[in-house]
Amino acid sequence: MRERLVARLSHPRNYVIRSACSCEGKGATMARILLVEDDAALARGIVALLKAAGYAADTAKNGEEALFLVDSEPFNLIILDIGLPDISGFDVLKRLRARGCKIPLLVLTARDHVTDRVKGLDLGADDYLLKPFDADELAARARALLRRDHGDPSPVVVIGNLMVDRVHASAEVCGRPLQLRPREWAVLDRLAAKAGEVITKERLISEVFSYDDAVGPNALEVHIARLRKKLEPDGPTIKTLRGLGYMLKAE
Ligand code: CA
């Protein structure tokens with residue numbers, strides 16, 4: 001029985017986040033998530049939960065910061081609180097959609113503001129969650145939105161002898177399960193999604209690491225080297241195309 005992750009937030013409103021995530025350390029589909037939340041304690045709890053689930057997570061504590069970050073970083077999902085100190089979450093949402101931003105967006109709204117969820121959906125939110133919420137539910141909704149975002153109807157990708165199960169965040173070569181750390185899984189997931197195509201090093205780094213991750217110059221190479229070892233001898237190979245990037249290719 002895996003240990004339950006319980007993040008109890010020391011906030012006057014007593015938000016309690018519980019996760020009984022059965023795949024701690026692994027995200028169903030690796031992705032980078034932006035959390036827009038001004039409540040620092042709640043934000044820390046949610047980020048810890050998202051990171052434990054294997055996602056890269058960044059936070060913005062107000063609307064302007066959120067708009068800036070969305071312009072500069074490739075997020076796959078935005079979790080947006082409505083009550084923000086500068087501009088309201090509704091305005092952030094409206095501005096994002098007005099500039100053509102199509103990133104899936106989940107609105108967080110207080111339970112007593114029922115009309116907020118209707119307004120949020122009308123403005124282009126993809127889903128909403130009422131506060132206080134259960135961590136399992138947040139994780140499940142994030143997974144559902146991310147699956148939709150990846151536009152991949154098949155959650156299982158097969159490349160030669162490698163099978164990547166993006167729902168259960170697992171991979172196997174010739175039926176042999178691979179023991180992958182969260183970051184290794186993230187790299188493999190991105191490479192598998194674009195198998196046979198070149199992915200630049202910069203793009204992989206931006207999709208796999210969050211803003212405040214300390215990314216050393218060789219961090220990606222280290223993960224790639226470990227992955228190569230784990231894929232040997234029967235799995236596909238990760239080719240380095242000098243100056244271009246990486247490509248996962250079945251022999
Ligand atoms: Ca708030």
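Reader: Are helix 2 and helix 3 roughly parallel or roughly perpendicular to each other?
Author: Roughly parallel. One thing to keep in mind is that this is a predicted model. In it, the axes of helix 2, residues 63-72, and helix 3, residues 89-98, cross at roughly 25 degrees. Angles under 35 degrees count as roughly parallel, so the pair helix 2 and helix 3 falls in that class.

Reader: How close do the axes of helix 2 and helix 3 come?
Author: They come within 10 Å.

Reader: And is the crossing left-handed or right-handed?
Author: Helix 2 passes helix 3 in a right-handed crossing.

Reader: Which residues meet there?
Author: From helix 2, they are Gly63, Ala66, Leu67 and Val70. Facing them from helix 3 are Asp91, Val92, Arg95 and Leu96. By class, this contact has 5 nonpolar, 1 polar and 2 charged residues.

Reader: What else does helix 3 lie across?
Author: Helix 3 lies across strand 3, strand 5 and strand 6. Strand 6 covers 105-110. Helix 3 runs at about 150 degrees to strand 5.

Reader: What sheet has those strands, and in which order?
Author: An open sheet of 5 strands, in the order 4-3-5-6-7. The pairing is parallel. Strand 4, residues 56-60, and strand 7 are the edge strands, each pairing on one side only. From one strand to the next, the twist averages 20 degrees.

Reader: Show me one pair. How many bridges join strand 3 and strand 5?
Author: There are 4 bridges, in the parallel sense. Strand 3 is residues 32-36 and strand 5 is residues 77-81. Look at Leu34, which stands opposite Ile78 in strand 5.

Reader: New topic. What is the order of the sheet with 4 strands?
Author: The order is 8-9-10-11. This sheet is open too, and its pairing is antiparallel.

Reader: Which strands stand at the edges?
Author: Strand 8 (156-159) and strand 11 (176-177). Each has a single partner strand, so one side of each is left without a neighbour in the sheet.

Reader: Walk me through the pairs. Where do I start?
Author: Start with strand 8 and strand 9, residues 162-165. They pair over 4 bridges in the antiparallel sense. Val158 stands opposite Met163 in strand 9. Next, strand 9 and strand 10 run antiparallel, joined by 4 bridges. Val164 has Ala171 in strand 10 as its bridge partner. Then strand 10 pairs with strand 11 over 2 bridges, antiparallel again. There, Val173 has Arg176 as its bridge partner.

Reader: How many residues sit between strand 9 and strand 10 in their hairpin?
Author: There are 4. Ala169, in the turn, has a positive phi of about 50 degrees.

Reader: And what about the hairpin of strand 10 and strand 11?
Author: That hairpin has 2 residues between the strands. Cys174 takes a positive phi near 50 degrees there. That is a positive value in a residue other than glycine.

Reader: Where is Lys239 found?
Author: In strand 12. Lys239 has 13 other C-beta atoms within 10 Å and is partly exposed.

Reader: What is Lys239 in contact with?
Author: Setting aside neighbours within four places in sequence, its contacts are Tyr246, Met247 and Lys249. Lys239 and Val198 are 41 residues apart in sequence, yet 9.1 Å apart in space, C-alpha to C-alpha.

Reader: Last one. How many helices and strands does the protein have?
Author: It has 8 helices and 13 strands. Of its 251 residues, 37% are buried.

How values were computed:
Residues are numbered from 1 along each chain as its sequence is written. This is a predicted model: local features need pLDDT of at least 70, side-chain atom pairs count only at pLDDT 80 or more; totals for chains, interfaces and linings use all residues. Axes are lines fitted to C-alpha atoms, for helices over the stretch in contact, and angles run from 0 to 180 degrees between N-to-C directions. Angles under 35 degrees count as roughly parallel, over 145 as roughly antiparallel, 65 to 115 as roughly perpendicular and the rest as oblique. A crossing is left-handed if the near helix is turned anticlockwise from the far one by less than a right angle, and right-handed if clockwise. Two residues are in contact if their C-beta atoms, placed from the backbone, lie within 7 Å. Ala, Val, Leu, Ile, Met, Phe, Trp, Tyr, Cys and Pro count as nonpolar, Asp, Glu, Lys and Arg as charged, and the others, Gly among them, as polar. Two strands pair if DSSP finds at least two bridges between them. A residue is buried if 20 or more other C-beta atoms lie within 10 Å of its own, exposed if 12 or fewer, and partly exposed in between; C-beta atoms are placed from the backbone.
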